[in-house]
Amino acid sequence: MSVLRETSNAPGILGGDSSGTSLVDLLDRVVHRGAFVSGDVTICLAGIELVRLDLRLLLVGIAEATASREGGVT
Amino acid sequence: MTAVGVTGLYAYAIARADLELPDGTGARVLRHGPLALVVKEVPLADLEVDEQDLSEDGALARLVREHDAVARAAAEHGPVLPLRFGTVVPDEAAARRLLDGRREAAARRLDAIGSAREWGVKVLRTDDGQPAAAEPDRSSGAAYLAQRRAALQAAEDASRRAQHVAETVDAAVERWVSDAVRRRGGGQGLLLDVAYLVLKDHETSFVEEIDRLATDLAEAGVRLELSGPWPPYSFAALEGEPDERAP
């Protein structure tokens, strides 16, 4: 049996791109993790929110995609 | 509809002020005191993507890959705290306010991470050990209770097994990791989902240990998946930040 290794790059090389990584794994890291900062991170103009990513929808999508991938038996 | 021409600063990561970012990312380092914010000016209209489109070639995928690419490029040149996807500030003044409020917390986290990189370890079941969900046996009260007891026992066994796997992996790699964040189990097949912080000098030893573990665990009917290296997403959380993450 061998390791199923999903390295996004060869070990030792952090740069480059993430093309070897699935979108689900990427979303899991950049949406679920990373530092959350509160404050004026929502952009308003004249009191109207111009952009606000509704990450709750996104998080639900990730949870479903992840569950279907990992709940099954290989 | 966003007004044409309105831009914001997409923020990728917090870093130390001496971070040098290579060309080609499109982002720049906004320095302020001892800290810096890695940012890129973006038209806000570009961020209005369909968040339910999780296809590999959709606009959201492109933004997500870019986020990771910039975080990686920055992490290659110094300690960084990757920010959560979708962090956008209106302008440079807001960027500086963001840093002002977090000097100590960010400095502590950056020191703690140092040159270490994140590696993800998942352990999943490969055997069909999960009993199929059975119709409740209502032939008799005793039969029903026996079935319920068996189901509870199976759940306990699974929980114990997951805990055992977690302890086995932790014990094996403990020498090589400087920090670990374990997540609560997800689907039935996922026994362990942990992020490790590994100093570069220990990386070879860490990966060798993981290879050994993978072989051992395979004989027990589980599969180990290693991903990495990653920028330290799982170790970037700033203390003192109100937790507004969606569940």
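Buried means under 20% relative accessible area, exposed over 50%, and partly exposed in between, with a 1.4 Å probe and protein chains only. The model is predicted, so local features need pLDDT of at least 70 and side-chain atom pairs count only at pLDDT 80 or more, while totals for chains, interfaces and linings use all residues. Side-chain values use heavy atoms, without hydrogens and water; residues are numbered from 1 along each chain as its sequence is written, chains are lettered from A and ligands numbered from 1 in the order in which they are written.

**View 1. Salt bridge between B:Arg160 and B:Asp157.** A salt bridge is a side-chain nitrogen of Lys or Arg within 4 Å of a carboxyl oxygen of Asp or Glu. In this pair the closest N and O atoms are 2.9 Å apart. Both residues belong to helix H4 (residues 141-173) of chain B, three residues apart, about one turn of the helix. Helices (H or I, at least four residues) and strands (E, at least two) are DSSP runs, numbered from the N terminus. B:Asp157 has a relative accessible area of 36% and is therefore partly exposed.

**View 2. Salt bridge between B:Arg65 and B:Glu56.** The closest N and O atoms of this pair lie 2.9 Å apart. B:Glu56 counts as partly exposed because its relative accessibility is 47%.

**View 3. Salt bridge between B:Asp193 and A:Arg33.** The N to O distance is 3.9 Å. The pair crosses between chains: B:Asp193 is in strand E8 (residues 190-198) of chain B, and A:Arg33 is in the loop between helix H1 (23-30) and strand E2 (43-45) of chain A. Both B:Asp193 and A:Arg33 are buried. Over all chains, the count of salt bridges is 19.

**View 4. Helix H1 of chain A against helix H1 (residues 59-75) of chain B.** The two axes, lines fitted to C-alpha atoms over the stretch in contact, with angles from 0 to 180 degrees between N-to-C directions, come within 10 Å and cross at roughly 60°. H1(A) and H1(B) are therefore oblique to each other, given that angles under 35 degrees count as roughly parallel, over 145 as roughly antiparallel, 65 to 115 as roughly perpendicular and the rest as oblique. In contact (heavy atoms within 4.5 Å), A:Leu23, A:Leu26, A:Leu27 and A:Val30 of H1(A) meet B:Ala61, B:Val64, B:Arg65, B:His67 and B:Asp68 of H1(B).
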